[in-house]
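Please open the model in your viewer and keep the sequence panel beside it, so that each selection can be followed in turn.

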Amino acid sequence: MDQVYIPKIRNGMPAGSYVVIRPLNLELKKQAPILYNIKELEPVKIGLIEQIFSVIDSKTETENIIITGSFLEKGFNFNDIDVIIIAETQSRGIEKEIKEKTKIETHVIFFDNQLFIKALKTDPIYRLMLSKCISRKRLTPLPEKKLNYRYLDAQLIKSKSLILSFDYIDGKEKYKLTRNLMAIHLFVKNKTLSIDNIEKGIKKQLGIGIEDLKNNLTDNNFLRKYKTFYNGLEGEIIKNAGKQEKAD
Amino acid sequence: MPENRKKLISLLIGHISIAVIHEILIGSTENKEIADHYKKEMENAINLSKKYRVKTNPKNSSFRNKDSKYIKSQIINRVKLECNVKSKGYRKLFFSSISP
């Protein structure tokens, strides 16, 4: 007969109690998703996230999975779920399968590890995404940022749509474009990227509350400030992009 | 011009201008990664332009000459303005290649 040894001094399992013995590798402890800068999250969302992780696991081998975006904000006012998958190979049909299982639209972005690190170095939006997210495994610290002004200018042009279509776009779109503008500003100014800092920046620089912006309660005064701010930042970025290209 | 049509034409002009600006920017860089980014943005802008065009009357035929001229002149003005700003930092902005 084989024997199992356990410490004499232990919590629980008094002598004579019945126990189950099973191999450790058959049931590894399920790791709970890791939350970054999220104070609270509705339990139903945690359930959805676990479902998403399981769909992805069934389709591909991943190094990490990150959930980010408006899905992590309080309440259920989100359009889709943003998912970043770090994997060596891309797998097709994941978005469709997640939608079938959860009935929610998802937006999946694939990266291999190196490309993801590169994106985190140069792109303020990806840095911002990681400032509030849920990941399957613990994230490594952010890499040191690298200012590529030409790339930042390319990102900035998106925010020009607010000026071109001010009267015709809704509050959500205006908020998104303003957030992009402010994220690039904070990145260039070497400030920490977080939703809090961005929203404070919007209030300070453009004189508008976030709820007013999201609800499209914007007037010409806001548009004037936005234009001035945009043009100032664009001028600074283009000037530096020119210098950077000359130096290269 | 009815209000809704005016709005659609304005959005159409905005997105075509963005597409043209990106087309010019593609030619101004040798960095493939950035050129790909411009290309992606250009394609997005073209798709949005198409979306607004199919909603704008006349839906199944060309714009009237007057409207076409107006749209073209607006696009050229916007693109010229943007190129002027960009040319402060970038060389090789070939605006002439798209302006007839």
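Begin by selecting the contact between the two chains, to which chain B gives 16 residues and chain A gives 13 residues; two residues are in contact if their C-beta atoms, placed from the backbone, lie within 7 Å. This is a predicted model, in which local features need pLDDT of at least 70 and side-chain atom pairs count only at pLDDT 80 or more, while totals for chains, interfaces and linings use all residues. Residues are numbered from 1 along each chain as its sequence is written, and chains are lettered from A and ligands numbered from 1 in the order in which they are written.

On the side of chain B that touches chain A, the elements giving two or more residues are helix H1 (3-26), helix H2 (32-53) and helix H3 (65-86) of chain B, where helices (H or I, at least four residues) and strands (E, at least two) are DSSP runs numbered from the N terminus. H1(B) gives the most to this side, with 5 residues.

Next, select helix H5 (residues 149-156) of chain A together with H2(B), whose axes come within 10 Å and cross at roughly 5 degrees. Axes are lines fitted to C-alpha atoms, for helices over the stretch in contact, and angles run from 0 to 180 degrees between N-to-C directions. H5(A) and H2(B) are therefore roughly parallel to each other, a term for angles under 35 degrees. Show the side chains of Arg150(A), Tyr151(A) and Ala154(A) on H5(A), and of Ile34(B), His37(B) and Tyr38(B) on H2(B), which make the contact.

Now move to helix H1 (residues 43-59) of chain A and colour Ile49(A), Ile52(A), Val55(A) and Ile56(A), the buried residues of H1(A); a residue is buried if 20 or more other C-beta atoms lie within 10 Å of its own, exposed if 12 or fewer, and partly exposed in between. They cover an arc of only 120 degrees around the axis, which puts them on the same side of H1(A), the arc being that of the directions from the helix axis to the C-beta atoms. The buried residues of H1(A) pack against strand S2 (64-68), strand S3 (81-86), helix H2 (94-102) and strand S5 (133-135) of chain A. Turn to the other side of H1(A) to find exposed residues, including Pro43(A), Ser54(A) and Asp57(A).

Finally, select Ser161(A), in helix H6 (residues 160-164) of chain A, which counts as buried because 22 C-beta neighbours lie inside 10 Å. Leaving aside neighbours within four places in sequence, Ser161(A) is in contact with Leu177(A) and Gly14(B).

How values were computed
Angles under 35 degrees count as roughly parallel, over 145 as roughly antiparallel, 65 to 115 as roughly perpendicular and the rest as oblique.
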